[in-house]
Structures are given as C-alpha cells and as structure tokens.
Amino acid sequence: MDPTSHDAACTAVQDDLSALAIGALNGRERAIVLAHLEGCTRCTAELEELSAAADALLTLIPEATPPAGFAARTTARMHAEGGSKRRPVVWRALAVAAVVVGLALGFGINAINSSPGGNSTAVRTSALHSTTGAQGSVLVSSGPNAWLDMTVRDAPTSGTVTCAVTLADGRRQVVGRFSLSEGYGAWGARLRVPPSSIRTVSVVDQSGSTIAWAHLSS
Amino acid sequence: VSGTGATGPSLTVVESVSNSGRSRRRSPWSTHEKASDEALVAGMAAGDERAGAAFVRRHERRVFGIAMAITMNRATAEDVAQEAFLRAWRHAAVFDARRAAATSWLSTITHNLAIDALRLQRAVPIEPNDAVWQEMDSPERAPDAQAVHTDAVDRVRAAMRAIPEDQRRALVRSAFYGQSASEIAEAESIALGTAKSRIRLGLSKVRDILSGEEE
C-alpha cells in the first residue's frame, strides 16, 4: 500500500475510530474499522489513546452506597464459585507443580489453600441487629483459614470499635478492632476460634456498649 | 490467655493459645487492606477469597455508583454490581495490569453489565440521567456525592466542560448509556455523520486535554 492511499484510508476511518473507542459502532461498522486497524499501527495507537479517554469519562459517575449487606452477599457468591472451581484431589499435585514452575493458574493456589483432608468450607451470613439504628451484616467463613467479615453502617458513633464473638460455651472473645467513619466501617479478620462455635457477633463501642449484634445459627 | 487491653469494661478477653506460644499479634487482614488493587486481583486469580472480600469492600461504592447511575434502579443496580464483582473474580487470571488499571477494568465490566441490564429493561431510547448531568455540569461538587474527587477526576470534568454541549451530549449518550451513533442521530434528530463527527471532535478534545496537549 503506498503512503498516499494509506493516509486516505486513515482519514476515512477517523470518525469511526472515536465511535469505536466509545462503543458507538454497530457490528458492520466495527468490522470495517477493525480490518483497517490490522494493517495500521498509527490508527491502532490513536484508538488506544481515544479508548483511554473514553474510559476516563466513567470516573465522572458519582459513587453511591450500596444496600446493607452488599459486600457480604457478593463475597458469599464468590465463595460459592470458588468452591466449584476446586479441582479433584488427583489434580492437586499437578496444580502445585504448575505453581512451582510459575504458571499462574487460578486453581493452583486454591488447591494449596485447601486442607489436606479436603475439608469443605462454608459461609454463614447474618444481618446485624441494633437498637441504635446501626445496620450491616456479618459473614463467617469456616474451613482451614476461617475468617470473619463485617460491614456496619448508620452507627451512631465513629472511631474505634471492637468486634467480639460469643461462643457456644458462653465465652466471649475479641476478634479485633476497626474504625467507623461517620457511622460506616467494613472490616475483616482471621478467626482463632472454630467458626462453628460462634453464636453471636457483637460490635462494641469504646464505652463498652453494644452497638449492634448478629446471631449465627449453628 | 493474653489480653490486648483497651477492650471496654464489659468484655472479657479470651485469646486462644497459639501453637507457637508467641504472644505477638499481627492482623492477618492488614496485608489485604493495604495491598494494591493489582495485588488483590492477583490474589483473586489464585482463589484467595479474602483478597476478593477486600476488593469488594474497597470498590463497592464505585461499582454500585456506576450501576445505579445507568440503571436508576437500586435492585437492578445491586444485581449488576454483584455480577460485576463475580466477573472480576472469575476473570481475575486474565486481567493484564500492564494494559489498564484494575479500577478502570472493573468500571468497564460494571458499565457493560449496566448497559446490558438497561437494554433489557427498556425498549425506548434512553434519556441521560439527571444525576449524571448535574455531577458533570455543576461547578461545585454535589454536596451528597461522596465520590473520591481527585485531580484526575477534576481534569476529566474540566475537559467535558471545555467541549461544546452538543459534543458533550453525544459523549454522555455513548460513553454512559451505551447508545450507538445511529441511536444518537435519531434521538438528536441529526444525520449519522454529524453524530459521529460530534463524538470524534468531543473525544479528541477530551483526549488532548487529559494528555496535557491542550488546556
């Protein structure tokens, strides 16, 4: 292709290049531009710049607070999918080998994280209750790396609060502390007690008053 | 049993006895909370659910904001936002940090899902959402908008204000609401070529301003 006709071809797709970057072309138009791009590094570079500008427009959309319990529900769905991603035991050695040789296969680390006995993990979620207006949710994962995750919103306090759990035998244990900012906080920690023994999760303010609590069924 | 102090008078601290006998406490969570987005995505690719949970917490407001601005329905927006995080979880292994920031990647996933949901919801042409216009047009930041306003966002807003309104409308219709050039032409009662020209002139100018070639 001589330079003149190349320039003419570039000029012909200029409008469509921007429209492609911003996602405004139909299938036929897109196919024509993509065919040109295959042989044109200049327009390909131009498209990348325009696409970055189009992506930047999305940053103008204001953030918004999702409904209470959003993070817990989403994480629970991730967990459900994570479980289904696990490979049978026969694959585990291969997966470990794959990690050793540096292949970033998704199931590799997952298999390593599983306990040798293949303990199944489960997630329990529960809504926070309160008499203070605070809302939120708690998520407790069992399994070899048990952890607790909670989101609190609309709490009547800010600053450091304590998350404590009450166990089946009545003991109470501090899981950790986290901060609430304007009544909002999201936090998680690894559990040092058997997750199945947890009956109640509480959020306690600095004066020792319980801000919110959640009951977990066994 | 070792107490950690300052727990409030009504609490009895009962720590489980660690196997190693060491009393030094570290928060196992802090590694996730402080990790970069890219590190969290790498953890998600490896099936690390705590990395996924941290990623959700960090970005839930951004993702829900996009879903809400496009669909204008809280229930639909939650479905879209959950699905966006699940897609990120499923496809974390193919995320290429050299090509895009994780936030940009996640925003694009969310946006595409929101557009799909919007198309399912409505057969009629979409009119731009007032909230998005206000956010962009108001010289003052909306008082209730808790977006993280950075220099980068301010520059995008300034760039959008620097272009003529007809071009800005074309960009908003396509970039936010997924309208094609022909849908824009129909909605604005203009020729298809005019709609494409507006997109080109507007987006080129925004690109130039963002890249510092033009102020």
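Visitor: Does B:Ser204 count as buried or exposed, and at what relative accessibility?

Guide: A word of caution comes before the reply, namely that this is a predicted model. The general idea is that a residue is called buried when its relative accessible area is under 20%. B:Ser204 has a relative accessibility of 17%, so B:Ser204 counts as buried.

Visitor: In which element is B:Ser204 found, and which residues does B:Ser204 touch, leaving aside those up to four places away in sequence?

Guide: B:Ser204 is found in helix α10 of chain B. Leaving out residues up to four places away in sequence, B:Ser204 touches B:Ile199 in its own chain, and A:Ser18 and A:Leu50 in chain A. The side chain of B:Ser204 also has a polar atom that lies 2.7 Å from the backbone oxygen of B:Arg200.

Visitor: How many residues of chain A and of chain B are in contact, and how much area do the two chains bury between them?

Guide: An interface can be read as a count of residues or as an area. By the count, 65 residues of chain A are in contact with 76 residues of chain B. By the area, the two chains bury about 6,600 Å² between them, and 57% of this lies on carbon and sulfur atoms. Within the area that chain A buries against chain B, A:Leu60, A:Glu63 and A:Met78 supply 12%, which is more than any other three residues.

Visitor: How do I read a helix by its buried residues, and which residues of α9 in chain B are buried?

Guide: One lists the buried residues and then asks where they point around the helix axis. In helix α9 of chain B, which spans residues 181-188, the buried residues are B:Ala181, B:Ile184, B:Ala185 and B:Glu188. They lie on the same side of α9(B), because they cover an arc of only 100 degrees around the axis. What covers these buried residues includes α8 (165-176) and α10 (192-210) of chain B.

Visitor: Where in chain B is B:Ser189, and what is its phi?

Guide: The general idea is that most residues other than glycine have a negative phi. B:Ser189 is not a glycine, yet has a positive phi of about 55 degrees, and its place is in the loop between α9 and α10 of chain B, just after α9(B). B:Ser189 counts as exposed, because its relative accessibility is 67%.

Visitor: What is the phi of B:Met72, and where is its place in chain B?

Guide: B:Met72, which is not a glycine, has a positive phi of about 55 degrees, and its place is in the loop between α3 and α4 (74-91) of chain B. With a relative accessible area of 34%, B:Met72 is partly exposed.

Visitor: Turning to chain A, how many helices and strands does its secondary structure come to?

Guide: The secondary structure of chain A comes to six helices and eight strands, and from the N terminus on the elements run α-α-α-α-α-α-β-β-β-β-β-β-β-β. Buried residues make up 46% of the 218 residues in chain A. Among the contacts in chain A with a separation of 6 or more, 52% are accounted for by residues 24 or more positions apart.

Key:
Residues are numbered from 1 along each chain as its sequence is written. Chains are lettered from A and ligands numbered from 1 in the order in which they are written. This is a predicted model: local features need pLDDT of at least 70, side-chain atom pairs count only at pLDDT 80 or more; totals for chains, interfaces and linings use all residues. Side-chain values use heavy atoms; hydrogens and water are left out. Buried means under 20% relative accessible area, exposed over 50%, partly exposed in between (1.4 Å probe, protein chains only). Helices (H or I, at least four residues) and strands (E, at least two) are DSSP runs, numbered from the N terminus. The arc is that of the directions from the helix axis to the C-beta atoms. Contact means heavy atoms within 4.5 Å. A polar contact is a pair of N or O atoms within 3.5 Å; within protein, one must be able to donate a hydrogen and the other to accept it, and residues adjacent in sequence count only if both atoms are side-chain atoms. Buried area is the accessible area (1.4 Å probe) that two parts lose on being put together, summed over both.
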